[in-house]
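This report describes selected features of the structure shown below.

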Amino acid sequence: MQKKTGIAPQPPISKMPEERDTEEVHLSDGESLFTADMLKQLNAVFEKMQRSLILKLYLDNRPISAELQKYMEVLSALTDKLSVKIEKQGTDPSYPFVKICLEDGRETGLAFHGVPGGHEFTSFVLGLYNAAGPGQALDQEVEEAIQAIEKPMNLKIMISLSCTMCPELVTAAQRIAAESEFVAAEVYDLNHFPDLKDRYQVMSVPCLVINDGEPMFGKKNIRQLLEAMDQY
């Protein structure tokens, strides 16, 4: 994925003042969010996106909500292909999350609960690229299998931002959702949703739940995910 897109996840690294990049994007409190190298990678993806997207925010009063809002606002300020809209504010247990929608408001089926940092940075950007088109190339067999889906499928993917195996499953689920109107892929950072961890007795990540069925653990590529979905 990194070779195809030029984007690599970069965990936060504290630098001495003289080591900092000369061009960075900052949050309002001065914290560095995107380095110069990351900006180049992001701009390369934004230029390829065929359609504009709306990042709809569903927020509560937790600090993670404010962090998500800042993150999305800074990201959208980098391109005219993205805009941010605060859709709802409340106390729903699924908040906060960002839902990726097309410019006309139609849902793409992609959503991230929490803040897509760490190893999920690349996954999230790939999700934007796949939702906006043209998206990552698919084998004919895989594309036909996705198009054959004719019933609603909800994929819950529970992850940790430090997990190196999670992005493959996340990206596969989002690619399917971006291609099929019947599929929704919702990613949850379990660090902020302990109720889900208890509900599904999650002992390791990634954890996949299809249509609220039994949890499945371990990474899956797109073919393996389609096989799992076929059981439902």
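## The sheet and its edges

Eight strands form an open sheet in the order β4-β3-β5-β6-β8-β7-β9-β10, and their pairing is mixed. Strands β4 (82-89) and β10 stand at the edges with a single partner strand each, so one side of each has no neighbour in the sheet. The model is a predicted one.

Within this sheet, β5 (residues 97-102) and β6 (residues 107-113) run antiparallel and are joined by five bridges. In this pair, I100 stands opposite L110 of β6.

Strand β9 pairs in the antiparallel sense with β7 (residues 153-159) over four bridges, and C207 is the bridge partner of M158. Strand β9 is also joined to β10 (residues 216-217), again antiparallel, by two bridges. Here C207 stands opposite F217 in β10.

## The β9-β10 hairpin

Five residues lie between the strands of the hairpin formed by β9 and β10. N211, which is not a glycine, has a positive phi of about 50°. N211 counts as partly exposed because its relative accessibility is 33%.

D212 is likewise placed in the loop between β9 and β10. D212 has a positive phi of about 60°, although it is not a glycine. With a relative accessible area of 42%, D212 is partly exposed.

## Helices packed on the sheet

Helix α6 (residues 166-179) lies across β6, β7, β8 (183-189) and β9, and runs at about 150° to β8.

In helix α8 (residues 222-229), the buried residues are I222, L225, L226, A228 and M229. Viewed down the axis of α8, they fall within an arc of 160° and therefore line one face of the helix. These buried residues pack against α5 (140-147), β7, α6, β8, β9 and β10. The N-terminal end of α8 is capped by N221, with a side-chain oxygen 3.1 Å from the backbone nitrogen of R223.

## Cis peptide bonds

G133 and P134 are joined by a cis peptide bond with omega of about 5°. P134 is in the loop between α4 (120-132) and α5.

The peptide bond from V205 to P206 is also cis, with omega near 0°. P206 is in the loop between α7 (194-199) and β9.

Terms used:
Residues are numbered from 1 along each chain as its sequence is written. This is a predicted model: local features need pLDDT of at least 70, side-chain atom pairs count only at pLDDT 80 or more; totals for chains, interfaces and linings use all residues. Side-chain values use heavy atoms; hydrogens and water are left out. Two strands pair if DSSP finds at least two bridges between them. Contact means heavy atoms within 4.5 Å. Axes are lines fitted to C-alpha atoms, for helices over the stretch in contact, and angles run from 0 to 180 degrees between N-to-C directions. Buried means under 20% relative accessible area, exposed over 50%, partly exposed in between (1.4 Å probe, protein chains only). The arc is that of the directions from the helix axis to the C-beta atoms. A polar contact is a pair of N or O atoms within 3.5 Å; within protein, one must be able to donate a hydrogen and the other to accept it, and residues adjacent in sequence count only if both atoms are side-chain atoms.
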